Amino acid sequence: MPSGVFVLRQSSSKADPFLSPLTHTPSPSSIPLSLPRIAMVEDTCFLCKEILVMKPPKRSPMLLRTAVVVFSMVCGVFIFSVCLKQISTQARTKFMDFKVIDNPSVSRLKLMNTAHLLHYPKPVSFSRNECAYNPVLFFALLSNQRSGSGWFETLLNSHINVSSNGEIFSVRERRQNVSSILQTLDQVYNLDWFNSASKNECSAATGLKWMFNQGLMEHHKEIAEYFNHRRVSVIFLFRRNLLRRMVSMLANSYDRYAKLLNGTHKAHVHSAEEADILSKYKPIINSTSLLDDLKDMEMRAAKALEYFNSTRHMIVYYEDLMRNHTKLKDVQEFLGLPQMKLTSRQVKIHRGPLSDHIQNWDDVNKTLNGTVYESFLEADY
């Protein structure tokens, strides 16, 4: 072998198939290499060794891949459905709000022709936001106790645009004098009065329920002037059958102390079972003073109409509302509201003939027979 020449022999071991393309020589004979070429060959072999170390990654099992893909798809569908539901709910809410504001009813358009009846309150306690330009009608529901006023007010408050704030003046401090009464009224009609019935921000009609014996008759002159000045519309609610009202008053007065419903007094009930329990009590009516008592009730109602006759008002009878619910359309028209079906959860307590609810029925029947009040004996309501 010549001096300075090296021979690279093919290894006797089995060639690695991965290296065969790199180590293949043109002929099986020895190839003379110079020193620079030996260095290149060594580099090439080193590279091949490095390549041998890097093994291809193992393939993931097909089942695991499928499970991951399915899980990702299920999560994506769930998240998308939740987001879509929230977006659609918000869209429906916004649509309903703007429908109420931007599409006034025919009765509201009629009131707009008499713009002095409508107001644009600017409450101190909150901002009306987009409803700031939605006009509000002020009203007051005037009535006697046990005339169906509680039931009637729940009907009004079932309307999406009505806020009737209850018997505010049942609290004696609020009716101590004229000044306290007027201050309370200002708070109500400025939409700064809050209770469970308040829908102040987008109310189209706001008001209260006021009993005749809660300072209303004592200060009728100042209150009537206030109603006319603030353009408050008045709804009178009366009960034609005064005998039934008397039965309801006596039974309610008895339950204040007896507390027949598990030791709790309830003036109104929401189930037939509770109504049956309360109706079991049968009051005794003073037949001697009965005619005078009925006449006195009539006179009080007539005097209330006289005191507030100068206001914009309408008269509603409990019996008419019970027999014909279309009367509620007249009320909504009077308040300038879009027509809606009004509902209440309250249940009537004294149902059926009055003979089932008066302990001394024979005496009462004898007293009223042949008088102008004889019709009260047979009336259903």
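This is a predicted model: local features need pLDDT of at least 70, side-chain atom pairs count only at pLDDT 80 or more; totals for chains, interfaces and linings use all residues.

Student: Okay, and where is Asn 241 found?

Tutor: Asn 241 sits in the loop between strand S7 (233-238) and helix H9.

Student: Does Asn 241 count as buried or exposed, and why?

Tutor: Buried, because its relative accessibility is 2%, and the cut-off for buried is under 20%.

Student: What does Asn 241 do at the end of H9?

Tutor: Asn 241 caps the N-terminal end of H9, with a side-chain oxygen 3.2 Å from the backbone nitrogen of Leu 243.

Student: And what comes just after H9?

Tutor: That's Lys 259, which takes a positive phi of about 50°.

Student: Tell me about H9 itself. How many residues does it have?

Tutor: H9 covers residues 242-258, so to speak 17 residues. From first C-alpha to last, H9 reaches 24 Å, close to the 24 Å expected at 1.5 Å a residue.

Student: Which residues of H9 are buried?

Tutor: The buried ones are Leu 242, Leu 243, Arg 244, Arg 245, Met 246, Val 247, Ser 248, Ala 251, Asn 252 and Asp 255.

Student: What covers them?

Tutor: The cover includes helix H10 (272-279), helix H11 (290-307) and helix H14 (361-368).

Student: Switching topic: how many cavities of 30 Å³ or more does the structure hold?

Tutor: One. The largest cavity has about 100 Å³ of space in it. It is lined by 14 residues, and the closest to its centre are Ala 251, Asn 252, Asp 255, Leu 278 and Ile 349.

Student: Which element gives the most to that lining?

Tutor: H9 does, with five residues. The elements that give two or more residues are H9 and H10.

Student: What classes of residue are in the lining?

Tutor: Seven are nonpolar, four are polar and three are charged.

Student: Now zoom out. What does the secondary structure of the chain come to?

Tutor: There are 14 helices and eight strands.

Student: How much of the chain counts as buried?

Tutor: Of its 381 residues, 36% count as buried.

Student: And what about contacts between residues 24 or more positions apart?

Tutor: Those pairs account for 76% of the chain's contacts with a separation of 6 or more.

Key
Residues are numbered from 1 along each chain as its sequence is written. Side-chain values use heavy atoms; hydrogens and water are left out. Helices (H or I, at least four residues) and strands (E, at least two) are DSSP runs, numbered from the N terminus. The expected span of a helix is 1.5 Å times one less than its number of residues. Buried means under 20% relative accessible area, exposed over 50%, partly exposed in between (1.4 Å probe, protein chains only). Contact means heavy atoms within 4.5 Å. A polar contact is a pair of N or O atoms within 3.5 Å; within protein, one must be able to donate a hydrogen and the other to accept it, and residues adjacent in sequence count only if both atoms are side-chain atoms. On a 1 Å grid over the protein atoms alone, a cavity is a set of points where a 1.4 Å probe fits but cannot get out, and a pocket is an open set with protein on both sides within 12 Å along at least five of seven lines; lining residues have an atom within 4 Å of a point. Grid points are joined across faces, edges and corners, and a volume is the space filled by probe spheres set on the points. Ala, Val, Leu, Ile, Met, Phe, Trp, Tyr, Cys and Pro count as nonpolar, Asp, Glu, Lys and Arg as charged, and the others, Gly among them, as polar.
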